[in-house]
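Please look over the sequence and the model before reading on, and keep both at hand while you work through the report.

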Amino acid sequence: MSHFPFGFNFDNSYQKLPKNFYSIESVQNFKAPKNIIFNESLAKELHLNINGIKDIDCLFYDQKYLPQKFDFIAQAYAGHQFGHFTMLGDGRAVLFGEHLIHNERFDIHLKGYGLTEYGRRGDGKAALGPMLREYLISEAMFYLAIPTTRSLSVITTGDVVHREEIFPAAILTRVAKSHIRVGSFQFAAALNDINLLKQYTDYCINRHFPELNTTKNKYEAFLHAVIKRQALLIAQWMSVGFIHGVMNTDNMAISGETIDYGPCAFMNYYHPETVFSSIDQHGRYAYKNQPIIGEWNLTRFAESLIPLLHADIEQAKTIALEILESYAQEFQQNWGSLMLKKIGINSPSIHSKSLIDDLLALMQKHQADFTNTFYYLYETNHLKKELTADPSFKNWWDKLLVYLEKENKSIQEIMHETRKINPAVIARNHLVENALKTAVAGDLKPFTELLAALEDPFNPPKNQAFMSPPDFTFDQSYKTFCGT
Ligand code: AMP
Ligand code: MG
């Protein structure tokens, strides 16, 4: 264990894995590190001691704070990107260290730190706008109670990056349960050495699912456990209208946390085919496809584990397919219960799911705002007029009332309960863009105001405008980008 200032309690277990899985990267010197935003509440949760530290700007970026013998690493991984298999790895990020608090382990990861062994043709850098975007949206997800990596800080390095324009170069300090991805297993499997695959899998089980060590078929149980977490995570995304945007297998974490906020966005007007990513021309990662892509990615994960499931490959495949079948059921169950809770039904019956399908169809027909329709469901005067005027909506409402009778609660009580899970504030595209544009230009106020509202998403914000969707045409032309 290395001794660090600021309360970091590093125990770098990943470096004990065989060298195939990472590369050692050199420590960089930055021209003029400057703090842009620092997450004090997360720092407290991590038991970091930053009180009275003035040069927070260079907290993790000044060599004077590093012990003499200290290695950063970049992790190797592979991945299917838009369906095509590629060898990848952290191209512009390093693992600063694994911070241990009471046996809980957190990767402290620096994204935009510099070009690594796996960086290929990239420049190893990140621009300020996209790093602030990840900060904002990952924190928004956390406060929506959706598993996610978190953001501890964004700094600018004093350098610039060349994209379509020149931007300040930035580093995001990301905090995650780990950065082990489906793609990490694809990498491990591609090494074609069962001992390495086994060692890697055992490491991951010990780190994320230690309780499985005592089960009879621990690799089967591991596959099942990862499937279970993803089936829940993707259902949670769907329940708030979140579109990840680049669900490549290298962007799916084994821990079940949402990872890699590139072209992600929240949907305003409900349409299942919504897609914002500039490079996703065929809508592979559109809102409605996320559950299916989740299954596709987990199938790649299961393929990587085949050698560990059974010595006979055909039997191993049968086992994998059987376990994969649990995904659809798990997802449907999570999705159904989350969506029904959003409309006030806590005790679902077999038929109640049609209530959700019918409501979504009506929302699509009338271009209703996803977030506000659920938020205002019990204050119908705030709902979109075209929606409430539709006779089918009135029929739907009567049907809902029949189901609600089983809940045995007053409408007021039901509304109160739904408000605990239906956010008033989400990171709406137009607000995010405005906050980032002004932040990059030097004014952080709109960013911090929006962040404050996103940190308390279930209560109406001080600024009512945060609850309004943009003009319908905004989302139609809105594009998000990755790898920036
Ligand atoms: P992403 O689209 O952010 O998930 O990144 C896909 C892959 O490209 C990962 O291996 C990244 O490390 C790598 N990458 C993205 N941007 C850069 C960059 N500017 N320089 C080097 N590698 C990069
Ligand atoms: Mg990625």
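This is a predicted model: local features need pLDDT of at least 70, side-chain atom pairs count only at pLDDT 80 or more; totals for chains, interfaces and linings use all residues.

Residues are numbered from 1 along each chain as its sequence is written, chains are lettered from A and ligands numbered from 1 in the order in which they are written, and side-chain values use heavy atoms, with hydrogens and water left out.

## Paired strands

Helices and strands are DSSP runs numbered from the N terminus, a helix being H or I over at least four residues and a strand being E over at least two. A residue is called buried when its relative accessible area is under 20%, exposed when that area is over 50%, and partly exposed in between, as found with a 1.4 Å probe on protein chains only.

Strand β8, which covers residues 93-101, is mostly covered, since nine of its nine residues are buried. Strands are said to pair if DSSP finds at least two bridges between them, and β8 is joined in this way to strand β9 (residues 104-111) by eight bridges, the two running antiparallel. One of the positions to look for is Leu-95, whose bridge partner in β9 is His-109.

The strands β8 and β9 form a hairpin with two residues between them, and in the turn His-102 has a positive phi of about 45 degrees. Asn-103, found in the loop between β8 and β9, has a positive phi of about 70 degrees although it is not a glycine.

From β9 the pairing can be followed to strand β11, because β9 and β11 pair in the antiparallel sense over five bridges. Within this pair, Leu-110 stands opposite Thr-173 in β11. Strand β11 spans residues 166-176 and is mostly covered, with eight of its eleven residues buried. Strand β10 (residues 150-162) also pairs with β11 in the antiparallel sense, over nine bridges. A hairpin joins β10 to β11 through three residues, and His-162 has Ile-166 in β11 as its bridge partner.

## Single residues

Where does Asn-192 lie? Asn-192 lies in the loop between α3 (182-190) and α4 (194-208), and it has a positive phi of about 60 degrees although it is not a glycine.

Glu-139 has its place in helix α2, residues 128-143. Along the chain, Glu-139 and Ser-468 are 329 residues apart, and their C-alpha atoms are separated by 20 Å. Gly-283 is found in the loop between β13 (265-266) and α6 (290-309).

The table sets out the accessibility of several residues.

| Residue | Relative accessibility | Class |
|---|---|---|
| Glu-139 | 1% | buried |
| Cys-204 | 0% | buried |
| Cys-264 | 0% | buried |
| Gly-283 | 10% | buried |
| Asn-103 | 75% | exposed |
| Asn-192 | 72% | exposed |

How many disulfides does the structure hold? It holds zero disulfides, a disulfide being a pair of cysteine sulfur atoms within 2.5 Å.

## Metal site and cavities

The magnesium ion (ligand 2) is coordinated by Asn-251 (OD1) and Asp-260 (OD), at 1.8 to 2.2 Å. Donors are N, O and S atoms within 2.8 Å of the metal (3.2 Å for Na, K and Ca), and because water is not among the atoms, sites may look incomplete. Both Asn-251 and Asp-260 are buried.

Rolling a probe the size of a water molecule over the atoms shows where empty space is left. A cavity is a set of points, on a 1 Å grid over the protein atoms alone, where a 1.4 Å probe fits but cannot get out, and its lining residues have an atom within 4 Å of a point. Grid points are joined across faces, edges and corners, and a volume is the space filled by probe spheres set on the points.

A search of the whole structure finds two cavities of 30 Å³ or more, and about 60 Å³ of space lies in the largest cavity. The largest cavity is lined by 13 residues, of which Gln-230, Trp-237, His-244, Asn-251 and Met-252 lie nearest its centre.

Note on methods
On a 1 Å grid over the protein atoms alone, a cavity is a set of points where a 1.4 Å probe fits but cannot get out, and a pocket is an open set with protein on both sides within 12 Å along at least five of seven lines; lining residues have an atom within 4 Å of a point.
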